[in-house]
Amino acid sequence: MNVMTRIWCLVGVEIVIATPGRLIDMLEAQHTNLQRVTYLVLDEADRMLDMGFEPQIRKIVGQVLFAPNL
């Protein structure tokens, strides 16, 4: 992991763009978490499902703490 990635993991970021596998790697290594996510966008999710990525999608979505609707 390069220096900028380490800094981003420590201070947080506003937007994360990652492949499902790489994001899961970062989550499992506890370099980041999705506890403060406000919006989750999965671009081409239907295609990912068609390609067999459902377990990875479920793993990512399961890490997000969605706030109840007010």
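**Entry 1: helix α4**

I began with E54, which is partly exposed because its relative accessible area is 36%; here buried means under 20% relative accessible area, exposed over 50%, and partly exposed in between, with a 1.4 Å probe and protein chains only. I noted that this is a predicted model, in which local features need pLDDT of at least 70 and side-chain atom pairs count only at pLDDT 80 or more, while totals for chains, interfaces and linings use all residues. Residues are numbered from 1 along each chain as its sequence is written, and side-chain values use heavy atoms, with hydrogens and water left out.

I then looked up the partner of E54 and found R58, joined to E54 by a salt bridge in which the closest N and O atoms are 2.8 Å apart; a salt bridge is a side-chain nitrogen of Lys or Arg within 4 Å of a carboxyl oxygen of Asp or Glu. Both R58 and E54 lie in helix α4, four residues apart, which is about one turn of the helix. R58 counts as exposed, because its relative accessibility is 59%.

**Entry 2: a link between helices**

I searched the whole structure and found two salt bridges. Besides the R58 and E54 pair, the side chains of K59 and E28 meet at 2.7 Å, N to O. K59 lies in helix α4 (residues 54–61) and E28 in helix α2, so this pair ties together parts that are 31 residues apart in sequence. K59 is partly exposed at 41% relative accessibility, whereas E28 is exposed, with a relative accessible area of 52%.

**Entry 3: helices and burial**

I counted four helices and zero strands in the protein, where helices (H or I, at least four residues) and strands (E, at least two) are DSSP runs numbered from the N terminus. Of the 70 residues, 16% count as buried.

Which residues of α2 are buried? I listed P20, L23, I24, M26 and L27. Seen down the axis of α2, these buried residues fall within an arc of 160 degrees, so they line one face of the helix; the arc is that of the directions from the helix axis to the C-beta atoms. Just after α2, I found that Q30 takes a positive phi of about 60 degrees.

I found Y39 in the loop between α2 and α3, and Y39 counts as exposed because its relative accessibility is 72%. Y39 and F66 are 27 residues apart in sequence, and their C-alpha atoms are 8.9 Å apart in space. E44 also lies in the loop between α2 (20–28) and α3 (45–50), and E44 is partly exposed at 45% relative accessibility.
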